[in-house]
Amino acid sequence: MGLDIPEAIRSLLLLTNPGSRRAKEIHRELESRVAEIAGSCQVIWRDIFSPPDQELAVDRAVIVGGDGTVNLGLKWLQEAGVAAPVALIPAGTGNNLARGLGLPVDASEAIRIAFCTVDTRRIDAVGMTYDGATRGLMLQVAAAGMPAHIARRFDQLRHMPVISYPVRWIGDPFYRLLALRTIASNENRSFEWDIDIDGESMELSGSALFFCNEGTIGGGFTPCPKANVNDGLLDVCLLPTLGFRETLRLFRQVSAGTHLDSRDDIFYRQCKRVRLKQSSYPFLVDGDIMGTPEVIELQSFPASIELVIPEIS
C-alpha cells in the first residue's frame, strides 16, 4: 500500500542515528518509502550528530531511533529552531518511550503514522541541566542509583562484539536479569542524595531514585504509576534499600506498578522543579547513561512538545 501524504505536509525532516544498528536496518525501508513520495514532498535527511541547521523550516520532523536517539533528536531540533510536529519511528532495543506513548514499534506501521497521520498531541517535556550545562529535554524518565548502574552495565554488554546481538535481541528480559543479578549480589543498592523539590530541601537515601514524566522505564517497570505526560508535573519516586527477600518482593511490585498501594515505605512526590546533588554516579535519561553529573536540575515544561500520535478509535 502506498503512502497517502496529507496536503499539509510538503516537507519532511528525517533525523537518523548512524551509530544505531536497528536504525540502519529501518533506513533501507525508509529509502524505499521515501521514493514513493518523490515529487510530492521534499525530504531532508540529517543525522543527529551533524551540526543543527539554523532556522530550518519543515512541516514535520521525524526522529528514527531508540529512546536515547529521541532525546538527542529533540536537542538537535531545539538547537535548529524547528517548530514542526515531531513523529517517532522506534528503532532501539526496548523502544520503551514509544510503548509508553501507545505508538507502534513495527517499522512499516510506524513509518505510515509518521508520514501520513495528521493527529497530534502536545505533551510535557523536562528540561535538564547537568553541572550547570544545559542538556536538552527528557520525555520519559530519568533515574539515579541502582537503575543507572544496571543500565550502564546493559549498555556495556550490548556493545561487546561477542554478545551484543543476543543482548539486543533479548532486550527487556535481559535487563531484568541484570537487575536480579544486582539484587542478588548486594552491589550498588544503597545511595545518598541531597535534593530540593520545589524549594523544599531534604536528604534522601535508598536504592533507586526515579524522575518520571511518563510512568514506565525499560525492563517492564512502572516506578511512577501516577505520572502523566499532560499534567505539567514531574513525579519523584524513591525506593528504599531492603534485604534480599524484601527487595525481590518490591521488584515484583514495581513491575506491576502496585508498590504505592501495597507499601508505606515509598517516598513519592509530584512537583515542577527538582535539584539533585549526588556523588559522581551514573545518571540515566530516556534509556541512555548521560555521564556522571554531580548536580542535576530538572524542570517540567507543560505542553512544550507537539508529537504525532494517532487518535485511538
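Two strands pair if DSSP finds at least two bridges between them. With that in hand, welcome to some close-ups of this predicted model.

**View 1. Strands E7 and E14 run side by side.** Strand E7 (residues 141-145) and strand E14 (residues 283-285) are antiparallel and are joined by three bridges. Look for Ala143, which stands opposite Leu284 in E14.

**View 2. An open sheet has six strands.** Its order is E12-E11-E10-E7-E14-E15, and the pairing is antiparallel. At the edges you will find strand E12 (267-271) and strand E15 (288-289), each of which pairs on one side only.

**View 3. Tyr130 meets Phe283.** The model has five aromatic pairs. In one of them, the ring centres of Tyr130 and Phe283 are 5.9 Å apart and the planes stand at 80°, so this pair is edge-to-face. Tyr130 belongs to strand E5 (residues 120-130) and Phe283 to strand E14, so the contact ties together parts 153 residues apart in sequence. Both Tyr130 and Phe283 are buried. Together with Phe211, Tyr130 and Phe283 form one aromatic cluster.

**View 4. Phe191 and Trp193 form a stacked pair.** Their ring centres are 5.9 Å apart with planes at 25°, so the pair counts as stacked. Phe191 is buried, at 3% relative accessibility, and Trp193 is buried too, with a relative accessible area of 1%.

**View 5. Helix H2 is mostly covered.** Spanning residues 67-80, H2 reaches 20 Å from its first C-alpha to its last, close to the 20 Å expected. Ten of its 14 residues are buried, among them Trp76 and Leu77.

How values were computed:
Residues are numbered from 1 along each chain as its sequence is written. This is a predicted model: local features need pLDDT of at least 70, side-chain atom pairs count only at pLDDT 80 or more; totals for chains, interfaces and linings use all residues. Side-chain values use heavy atoms; hydrogens and water are left out. Helices (H or I, at least four residues) and strands (E, at least two) are DSSP runs, numbered from the N terminus. The expected span of a helix is 1.5 Å times one less than its number of residues. Buried means under 20% relative accessible area, exposed over 50%, partly exposed in between (1.4 Å probe, protein chains only). Rings of Phe, Tyr and Trp (its six-membered ring) pair if their centres lie within 6.5 Å; planes under 30 degrees apart count as stacked, over 60 as edge-to-face and the rest as tilted.
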